[in-house]
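The report below goes through one structure, beginning with a single residue and then widening to the chain around that residue. Please keep the sequence and the model in view while reading.

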Amino acid sequence: MLHLKSTTFLAGLGLAIAALPASAQTMDELIAGAQAEGMLTTIALPHDWCGYGDVIAGFKAKYPFLTVNELNPDAGSADELEAVRANKDNTGPQAPDVLDVGFSFGPAAQAEGLTLPYKVSTWDTIPDEVKDPDGHWYGDYYGVLSFAINKDIVTESPTDWADLLKPEFANSVALAGDPRASNQAILGVYAAGLAAGGAAGADAGEKGLAYFAELNKAGNFVPVIGKAGTLAQGATPIVIWWDYNALSGRDTLNGNPPIEVVVPATGVVAGVYVQAISAYAPHPNAAKLWMEYLYSDEGQLGWLKGYCHPIRFNDMVARGVVPQELLDALPPAAAYEAAVFPTLDEQSAMNPVVTGGWDSVVGANVQ
Amino acid sequence: MADAAIIGARRSWAWLGIVPFFAFAMLFLILPTMQIVVGAFRTPDGDVTLDNVANLFQPSIVAAFSISIRISLASALLGCLIGFAIAAAVTIGGLPGWIRGPLMTFSGVASNFAGVPLAFAFLATLGRLGLATILLRDWFGINLYAMGFNLLSFWGLTVTYLFFQIPLMILIVTPALDGLKREWREAAEILGASRTQYWRMVALPILWPTLLGTFALLFANSFGAVATAYALTGSSLGIVPILLFAQIRGDVLQDPHLGYALAFGMIVITGIANGLYIWMRSRAEKWIK
Amino acid sequence: MKVNRFWSWAALTFGLLYFFLPLIGTFEFSLRMQRGVYSFEAYRVVLADPAFRATFAYSVLLAVLTIIIGVVIVVPTAYWVRLKLPRLRPIVEFITLLPLVIPAIVIVFGYIRLYNTSSILPLTGTATGTNFLLLMGYSVLALPYMYRAVDTGLRAIDVATLTEAAESLGASWFTIMWRVILPNVSVAILSGAFLTFAIVIGEFTLAALLNRPAFGPYLQLIGANRAYEPAALAVIAFAITWACMGLIALVTRLQKFTQVPR
């Protein structure tokens, strides 16, 4: 009873501190508030995604008074929003404080009132196109879609989308998600559509579906959801993956089998994810501290170590704070020159085309 | 007269015995999931609507329900047959008694071996580069895939589902087989019945309600199974749970209310399946009593 | 009537082949962690983690508790329905089938909505409360299997006669359940117990979203984007769960009073 009461009191205190205007808090006030809260709850952060394992460890080392609860690393962006909604009245450790969701989910969460606005101290170095002007959500990292290739099975690597249609890649190509639900898979279809000459938006979505229909008819498409396991085992020797996932997959497999990561020559699509603080966060100060950490040079480099391009990449490179080894470990910068960042409008036009049309057009349907 | 009054009085507090179960079900199953039923009939703005349910009748969703039901029927039927054969072999089939214990415990573990590990296990065994596929090709010259076999198909998925369906059947049917008293078989033998006649006229009719009940369980079990299908044939098979998950989970903005309508549809189908089973069972039980 | 043993052995062999081949496939793959040689490297990595033992112990404890709760709720209910309220059977059976088609994620979000810290029953606010909630959730998930198993067992014995006989000898309700009914359905309960155990050990969604340190979330955190470790984990989890079930079976067999001479 007493324990419950003190937690509620501290939560109330935390909320009171959080109610102060975002800019009015100094780092010391944040740390004091976070110390009172004692906990941070995250969700949907697999340790191998963008090096989150090390990022979280770094955060814990910097602020040892905070315990980090990691909920459901398997959650999709919709699960994260649902977790916020379900935990509206809950101040227990099941309520997520911070979110890392797909680009289109930022505005959606804001519209529903699920976000707490906050502008980190490095706010100005975040590009305008990927943040909400009031600070409800802000881009965190991006990567481009690439091919992860199992070199034990595939001897001659494809260099572009058109190559994948060749007969030597029979039963080889897989997406890393379900194109009816996964952002990664849908953008994969979109990228193929752009490579086939489609215009940005719904048109590329349709051309992408036509491409995958052809891929399926040629017998090259494998409907299994590609993962490190299926890549290594041989069920899906070519996986269309975010480059950071492909590179970290290559590292964990450690040459067994050797993996080559190829960014296609055309149809290079970049995907941005965004961070947000839950409006119902039981530990808002800890959440803000987490954001400050993520957007500091240290946090951003942590993501870079996980092969993700942190959102402040250009700014950090210009200031020369990025170690050369990290830069070398990434795919060549030239590959990123052609990268296309789909806008929110283009994505919302393209999504229903792909998710709705996949079954009928691609017809990878099992009878 | 007095008896009727007593029976009436007894019946009236017999209801009390079922209260713990209903309280448990209410508090921890029905109330938490009311959201499905409520959500199925609401728009995102909160108004009541029948649109979500009406949307269920579009061709792609009807196809999804159809294929879900077909896979569930196939895996439930095969699971029942094969599971029954194995359970019968171990209980009354004259096999050594020490096999039974390990078989039961193994069935326990296997009954829940599903999802990504199971899909991967089958890919690693019967996939194009699977262990069994390669062994068959190199040792016996049998090329499975050239013969038309494909793990990533309706039957491939059904075969994979059997991995948890068969053990479930074994575990539930074994006590029933134990209940087949030896005296009945001996009596039938004395009266001159052959083995087929014994099975047809004595054993199967007695076991029939149990078999039906387990079939219904296997059907519902397969109908609701999503993790395995997702991991194995994720982008090709449009079964209802996958569609459901695409609406209420995933990384793209979808229509959660359609998802709830899908879940509601699944509950209705389970209800219909259960109703069918109850009807068939009551007919079978009529002449056993 | 001679029992044809050939078909029995044939059925068993087919079963063994079907079940062991995929497991062997997984095992063979898990040995391939070091390039070119078979080794137990993946297993070494997995077992070195102290969190493995902690989360597994937690899940085993919860599994045993779930089995007990399952027996306490299901056996009297099934017995009562069979004996006194046969007309309620369709409803009860329908309810027991529901957990199979309602996704666990909907259940857990429902729990959080209903039993959060601002509700009348703030279970999520404390560790004990959340553990209790998780236990209830597991019992719900295991309900279909436990009920069907117990119902099958009850069907095989003549419940009405046994009850009447016990009552005429002056047994209380509790004595009937504990000393007459339970021993006669012990085989069925054991089946249900195995099914429950396996479900609880492998369960992920409820434990992850309620933030409890169970084995399922641990498996997911370790294996998510790896190749060989998840295969090793699957084999280890399979083996250990099998061993635990063997223990349960052994313990039950040693409890003489639950035995009904065959």
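In this predicted model, A:Leu164 has a relative accessible area of 0%, and because buried means under 20%, this residue counts as buried. A:Leu164 is located in the loop that runs between β5 (138-150) and β6 (173-175) of chain A. Leaving aside residues up to four places away in sequence, the residues touched by A:Leu164 are A:Phe147, A:Pro158, A:Phe169, A:Val173, A:Tyr211, A:Leu215, A:Asn220 and A:Ile238. Between A:Leu164 and A:Phe221, which are 57 residues apart along the chain, the C-alpha separation is 9.1 Å.

Another loop residue of chain A, A:Pro258, sits between α9 (243-253) and β8 (259-262). With a relative accessible area of 29%, A:Pro258 is partly exposed, because the value falls between the limits of 20% and 50%. Its contacts, again not counting residues up to four places away in sequence, are with A:Ile149, A:Asn150, A:Lys151 and A:Asp152, and also with C:Arg35 of chain C. The C-alpha atoms of A:Pro258 and A:Val322 are separated by 27 Å, and the two residues are 64 positions apart along the chain.

In chain B, B:Thr43 belongs to the loop between α3 (34-40) and α4 (51-55). B:Thr43 touches B:Thr49 and B:His257, when residues up to four places away in sequence are not counted.

| Residue | Relative accessible area | Class |
|---|---|---|
| A:Leu164 | 0% | buried |
| B:Cys80 | 9% | buried |
| C:Cys244 | 16% | buried |
| B:Thr43 | 19% | buried |
| A:Pro258 | 29% | partly exposed |

How many disulfides does the structure hold over all chains? There is one, and A:Cys50 and A:Cys308 form this link, with their sulfur atoms 1.7 Å apart. The pair joins distant parts of the chain, 258 residues apart: A:Cys50 is in the loop between β1 (39-43) and α3 (52-62) of chain A, whereas A:Cys308 is in the loop between α11 (297-305) and β10 (309-310) of chain A. The link is left-handed, with -75° about the S-S bond, and A:Cys50 and A:Cys308 are both buried.

Turning to chain A as a whole, the secondary structure consists of 15 helices and 10 strands. The C-alpha trace of chain A spans about 70 × 45 × 35 Å along its principal axes. Of the 367 residues in chain A, 62% are buried. Among the contacts of chain A with a separation of 6 or more, 76% are between residues 24 or more positions apart.

Conventions. Residues are numbered from 1 along each chain as its sequence is written. Chains are lettered from A and ligands numbered from 1 in the order in which they are written. This is a predicted model: local features need pLDDT of at least 70, side-chain atom pairs count only at pLDDT 80 or more; totals for chains, interfaces and linings use all residues. Side-chain values use heavy atoms; hydrogens and water are left out. Helices (H or I, at least four residues) and strands (E, at least two) are DSSP runs, numbered from the N terminus. Buried means under 20% relative accessible area, exposed over 50%, partly exposed in between (1.4 Å probe, protein chains only). Contact means heavy atoms within 4.5 Å. A disulfide is a pair of cysteine sulfur atoms within 2.5 Å.
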